[in-house]
Amino acid sequence: MNEATLEAYATYFKIIVVLVAIGYFAYIFINREKFRVARIVAISALSAAAVTVTTMLVRIPIPASQGYLNFGDIMIMLVAVLFGPLVGGFAGGVGSALADVIGYPSWALFTLVIKGTEGVIVGWFSKGTTNYGRILLGTVLGGIVMVLGYVSVAYVLYGPGGAVAEFYNDIVQAVSGIIIGGGLGYILKKRIGPILE
């Protein structure tokens with residue numbers, strides 16, 4: 001992706017980010033009653049903690065966008081495949097945002113929405129199935145939303161240079177999440193799926 005291409009699609013990226021944010025908060029609000037179930041609360045809290053730790057294990061700064069490369073997407077996709085959209089969305093959003101608060105607080109709110117939406121999408125496609133194609137589709141779409149979200153925010157905050165730098169690092173994160181997180185989630189779900197539902 002070069003700066004000219006990025007500038008041509010900047011308006012579309014902004015619209016997508018706004019729609020994604022509305023969808024994410026609406027989904028959590030609609031399902032708020034499920035957070036009263038102790039099992040869901042416990043799994044969500046543990047999953048969010050796992051995402052935070054995984055995100056903080058490897059942090060490679062990206063000076064152009066003032067963000068960082070991490071591998072939290074592996075855990076987000078794993079959790080979402082195993083536990084579905086509600087836990088995946090909560091763990092992805094809250095867990096990743098907590099990691100940002102500790103080191104990159106200017107990104108925390110954006111991360112809450114972007115990574116939370118990634119978890120909802122992956123979890124929605126993976127819910128109640130061990131079909132590899134459906135799980136793969138969910139992880140790919142979740143990865144695309146994550147990349148578009150961060151590139152859009154980096155473009156608005158830091159201009160085309162920051163967005164281009166962000167793009168390549170986010171691709172690495174998305175692909176690692178799809179291959180490792182989605183793949184491991186598929187294997188575990190196929191073996192112990194009934195226990196998790």
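Q: How are H4 and H5 oriented to each other, roughly parallel or roughly antiparallel?
A: Angles run from 0 to 180 degrees between N-to-C directions, along axes fitted to C-alpha atoms over the stretch in contact; under 35 degrees counts as roughly parallel, over 145 as roughly antiparallel, 65 to 115 as roughly perpendicular and the rest as oblique. Here helix H4 (residues 85–103) and H5 pack at about 155°, with axes 7 Å apart, so they are roughly antiparallel. This is a predicted model, where local features need pLDDT of at least 70, side-chain atom pairs count only at pLDDT 80 or more, and totals for chains, interfaces and linings use all residues. Residues are numbered from 1 along each chain as its sequence is written, and side-chain values use heavy atoms, leaving out hydrogens and water.

Q: At what angle do H3 and H5 pack?
A: Helix H3 (residues 72–83) and helix H5 (residues 108–126) pack at about 35°, with their axes 8 Å apart. Contact means heavy atoms within 4.5 Å, and the residues making it include Asp73 and Ile76 of H3 and Lys115 and Glu118 of H5.

Q: How many salt bridges does a search of the whole structure find?
A: Side chains of opposite charge can pair when their charged atoms come close. The cut-off is a side-chain nitrogen of Lys or Arg within 4 Å of a carboxyl oxygen of Asp or Glu. The search finds one salt bridge: Asp73 and Lys115 meet at 3.0 Å, N to O. Asp73 lies in H3 and Lys115 in H5, so the pair ties together parts 42 residues apart in sequence.

Q: Is Asp73 buried or exposed?
A: Buried means under 20% relative accessible area, exposed over 50%, and partly exposed in between, with a 1.4 Å probe and protein chains only. Asp73 is buried at 0%, and Lys115 is buried at 2%.

Definitions and conventions
Helices (H or I, at least four residues) and strands (E, at least two) are DSSP runs, numbered from the N terminus.
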